[in-house]
Amino acid sequence: MSDPQQPRLTPIDEWEDEAEAMLDDVEYDTDLGVQMARDAIRVSNGELTDAEFHEKYHEAVLEEFGEDQRPTKPEGFDDD
Amino acid sequence: MTDDGTYRRDVLKAGGAAAALGVGGSGFLQSLVESEDDQDLNASVQSFVGENEVIQTVCSPNCRGKCPIDVHVRDGQVKKIEPHPPEDEQYKRACVLGLSHTQRVYDPTRLKFPMKRADWSPDDPNPEGRGPDAEFKRVSWDEALDLVADKMQSLKADHGAESVLFHEGSGNYGQTGKSFKRLASLFGATQSAWGIDTNVGRGFNRVTGVGAFLPPTNEAEDWENANTIIVWGSDIFSSQFQMDASKILDAIENGAKLVVVDPVYTTTASKADLWLPVEPGKDVHLALAMMHTVFEDETYDEDFLQKRTTAPALIRKDTGELLKASDVFEDGGEQQVVAVEQGTNSPVALEPETGGAYALFGEFTVAGVECQTALTKLRDHVADYAPEEVAEKTGVDAENIRTAIRWLATRGPGGIAPSYALGRYKHGHIFGQAYAMLMGMTGDYGRHGNIHAHHSGGATLAAGNWASPEDADPGPSLTFPNYPDAMIDGDPHQIRAVYSIESNMMGNQFPDRQRFRDAIRSLEMYVVADMHHTDTVQHADIIFPVPHWFEQEDISSGWGSHPHLGYRHKVQEPLWETKDDYYAIQELADRLGFGDRFPETKRDMLRKLAGRDDDIDFDTLFEQGTQKKESVPIVKYTDEFPTETGRIKMYDDDAPSEEGVTFDVPRPLEDRTADDYEKADEYPLMFMQKHSRFRIHSQYEMLNWVREINPEPQLDIHPKDAKARGIGDGEYVRVYNDRGEMVVKAKYNDAFQPGLVNTDQGWWSRDFVEGHLQDLTHNEVSEVGQTMAFYDVRVAVEPAPDDVDTDKYESGNPLGAGAEAAPTGGD
Amino acid sequence: MTNYGLVIDQERCIGCQACAVSCKQENNVPMGQFWNRVLTEGGEKMDTPSGGYPEDGGSGSLDMQYQPTACQHCENAPCVKVCPVNATYTRDDGIVEIDYDKCIGCRYCMAACPYNARVFNWDEPEHMPEEGTGDVEARPQGVVEKCTFCSHRVEDGLDPACVVNCPADARIFGDLDDETSTVSKYINEYETDQLLEDRGTKPKTHYISGEMSPGRPQTSDKMESELDDVSPWSDGDDDVPSKEADSVGSESSSSSHSVEGGEIPYATPAKSGGDD
């Protein structure tokens, strides 16, 4: 909440900057977070499927977090 | 209207989502939580629901809520507040402030111990030591009470009891004030008389015989029956009525028209069907133009005018007095007025509440005297106020004036809900007179759906003469505006000591602050009882620490709000050494020789007072927590008006006058809003101090949660006015006039009329970068209104000097002055 | 299946902030943060309109409306999809909730939330008073938190705090899967919007704008589904005010001159015979 006078929704054209700023100090990969966030909304939009989203980031998530517990895992997905 | 337009939802919806993210064609996915079948539904939220002790009590400032609330206590601490629906559940209520008592009960501003100013003694009061640099030392209650009682006795012996003023504010809505006044009466002290917000009621009273502050109005539950609601000068959804907002919203939902007359585009205006952006001080012109329209359209309520007003009464052309029945008939009454029957032109003495085919207009010769009817006189008077004629002066479009009053006059029952703000202009009583008569013309009295004020009547405990027992010899009363003269110059008599309860007079609600400070510095003793270390407390010689409302039992009247009395049960024992005002009053009474006149315990006192009110049974009230007063009428003005004629006065032949203007009919008279006011060029901006939703007077100033939303005092200013002065949005500005100055942050706000600026009231001096908003206001009252005119004030605004220290708001401290008390966490 | 949702009537909302503050109180939300914020649709700053002041005496172009905004409890919640440890999840009743024990503080969910509804405890959260408020435990440092639709209340049959405390009756909570619920009826009968509909998140918070609804029908703090009669002013509140307090020790008052951290005196419960 940067301005106590007027908390706000994030306008889409500022979203990426804000997302990066939000993840800037995090000890995890900022770029991965921004990309996943963007694609998660593409999933909501129907542009990507859950399975595609899951597969796309599975390895990166495993590498970054040592686990991948996302609920997007498709049936029979091989996660080793 | 934003730079990038991005805060508006419609813009958001139309925003660049498609561009940034693409819009896919395939279906969306459902959440897949089912695949996680080991997910505990309530895995991570530890709930305490049902574990709290819940105590019903009442929130008690002088707002219009008087909200029955449930206080949840756990582990010895107040954990949350919720509204408690009273017996009549439609009056369930609470607001952002009453819900936040967790932020107040434990605030560091609370007083903890009785204290004495370090350099004060009864014989050597060091008056200059009062103020920001004063230091205090802790004393025992006995020592504090002895000092006060001894000084009161010696002043009484040397100068008379009236040299001591008992000043009562409105900060604690219970019954203790009645015992405070009782002690004052027995001792013979000067007593305070109200001089704030009494203007509009006075004017209304001249017409109807009713009204002191704002006049009575139908209870809130009836407002949904209104077909037209004209809210005049009130941000009713932010202040005074917000806890009853649903009542007006329901009326709107049922099809009522909401008109808002206000120089500010308020929250309420944003909900209106029609907003009339009147210029400050031009309300009477507007009301007269509305009367003009009613005459022009002939939409006045003939039956009502004939039956319940003096509209048909005859005015003698020779003297300007009303023709009396005794002038016409041998056995005619000296107070009785006379009309003529239509057609026969024969005179009739008018009885209250009696209709007839009386001529409303015309000139007649009766008993050899040339006369005209009162309504003729009024019609002729307002002939000069056609909407087109006042449009430029009032700033309101002529057709919109017509539309507003046509709705009221032709859509069935409705009303006008004026605020106290109108009375904060010097001659505000004239508006009271004008709208009382206007509603007489539309016949809006005594019906379901009528509204006469922006808060309803509510219930008051009828405590008889407890405050002024028969055998007492009470001292004189002194109205607030007369305090400085009395304290400084001994006019009308010298005040040498003040005992003040429930009031932050130095911090709020008293204008021309520097002169009030001088007045207080003229005293020999200043005793202040309060819950918090306010600006006023900082000027005290003796401090009585008062517990939070949750630590005092009391009976709260629902005055100005809803038809219940509430029992304010104690939630917890008083923290530290705080003690109920009743304790100090009783102990002082003991020392002054009146101890036997006060019941031993506060509950005994409350029981006794409740026993004087036939509607109330103490035990029922105590057990239920609320009791509805069945005698409170939902619809007001159903009986004869308490005027000489029993009728609404459409002409006043015994009217007061001031500055050469007589108010036989409403005649506009302005002070600083006048176009030709002499210092209008020097101080070009009108300055108001709006009530906001974030404070009640100066109460709740310390709520840190609220301060996260509303962190510091600001100057609402139209961007045009700001830019003309080289002031950027968010920059600090110096606001000044010939009485004083303040430094606050400018807030560009298109809701404000160019030429009008505002700082919300209720901030303490610690919140200002420099000065205080009451350093700018003045203490000049009108002869007739006798009411402080806080908004009738002019200022100039310029960028703040470069060297001004705004550190408290700019050093990464989002909470401003409250930050010491409340470090912030998170980001 | 139960699927909880919220209807907010913007025509009724008066921007009073009661929902924002009572949310903070009920949910023990740390200083500096709000789960539920009342946005102004209008000018740049809170409580300011868009448009220009009418200088011709007409009604002009000024416009302002309030948009209370918290977690939208999206059916297609992107925050749920990005959470690598499945700390953010959708409950069977549709409430999107965070398992604070699982949350590792990566904040990917915050980046993915289009509604700015989530806050992160960078430091040790601070509360006023320090011991906290409301009816849920505080969350630790290093986790993300947000509106839960007051799931702890819902499980007890109570409406969320923001809904109960709204003086304008502008907030209505209930089961979107139940056609007879007030929320379902209002969504059918009135023009409603969801925020950022084009992002496909399918929020379960619906905003009425245009024609005003009658608002929340019940006075009770109970959920509609707990009441037999949903007519206005139906009484669901059988709590009797407690007059008798347990005796909890009397050595209470701190002698400190100010309330420093941790020194809030333990309050003695009021005695029923109590007078000073």
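# Notebook: a predicted complex

**Confidence.** I began with chain C, whose mean pLDDT is 85, with 83% of its residues at 70 or more. I keep in mind that the whole model is predicted. For the complex, the predictor gives an ipTM of 0.91 and a pTM of 0.90.

**Chain A against chain C.** I looked up who touches whom. On chain A, 31 residues are in contact with 32 residues of chain C. Three helices of chain A each supply at least two residues to this side: α1 (12-23), α2 (30-45) and α3 (50-65). Which helix gives the most to the side of chain A that touches chain C? I found α2(A), with 9 residues. Then I sorted this side of chain A by class: 18 residues are nonpolar, 9 polar and 4 charged.

**Domains of chain B.** Next I turned to the domain assignment of chain B. Domain 1 is written in pieces: 115-196 + 477-506 + 516-549 + 573-614. Domain 2 covers 201-442, and domain 3 covers 671-820. I checked domains 1 and 3 of chain B, whose C-alpha centres lie 31 Å apart. Their contact takes 11 residues from domain 1 and 10 residues from domain 3. On the domain 1 side, I noted 4 nonpolar, 6 polar and 1 charged.

**Strand β29 of chain B.** I picked the strand at residues 741-748 of chain B. Is β29(B) mostly covered or mostly open? It is mostly covered, with 7 of its 8 residues buried. I then went through its pairings.

- Strand β27 (residues 714-717) of chain B pairs with β29(B) in the parallel sense, over 4 bridges. Here Ile717(B) stands opposite Tyr748(B).
- Strand β28 (residues 732-736) of chain B runs antiparallel to β29(B), and 5 bridges join the two. A hairpin links β28(B) to β29(B) through 4 residues. Val735(B) has Met742(B) as its bridge partner in β29(B).
- Strand β31 (residues 770-771) of chain B is also antiparallel to β29(B), with 2 bridges. Met742(B) turns up again, with Gly771(B) as its bridge partner in β31(B).

**The largest nonpolar core.** How many residues does the largest nonpolar core have? I read 315. Residues with the most contacts inside this core include Ala37(A), Ile229(B), Val733(B) and Ala112(C). Helix α15 (residues 429-442) of chain B gives the most to the core, with 9 residues. I followed up Ile229(B). Leaving out residues up to four places away in sequence, Ile229(B) touches Ile248(B), Ala251(B), Ala256(B), Leu258(B), Gly414(B), Gly415(B), Ala417(B) and Ile451(B). A general note goes beside this: nonpolar side chains tend to be buried together in soluble globular proteins.

**Phe241 of chain B.** My last stop was a loop residue. Phe241(B) sits in the loop between β8 (228-232) and α7 (245-253) of chain B. Why does Phe241(B) count as buried? Phe241(B) counts as buried because it has 30 C-beta neighbours inside 10 Å, and the cut-off for buried is 20 or more. Not counting residues up to four places away in sequence, Phe241(B) touches Arg64(B), Ile236(B), His454(B) and His455(B). Lys137(B) is 104 residues from Phe241(B) in sequence, and their C-alpha atoms are 42 Å apart in space.

Note on methods
Residues numbered from 1 in each chain as written. Chains lettered and ligands numbered in written order. Predicted model: local features only at pLDDT ≥ 70, side-chain atom pairs only at ≥ 80, totals over all residues. Contact = placed C-beta atoms within 7 Å. Nonpolar A, V, L, I, M, F, W, Y, C, P; charged D, E, K, R; others polar. Buried ≥ 20, exposed ≤ 12 C-beta atoms within 10 Å, placed from the backbone. Pairing = 2+ DSSP bridges. Domains from an automatic or database assignment. Core = buried A, V, L, I, M, F, W, Y, C linked by C-beta atoms within 7 Å. pLDDT = per-residue confidence, 0-100.
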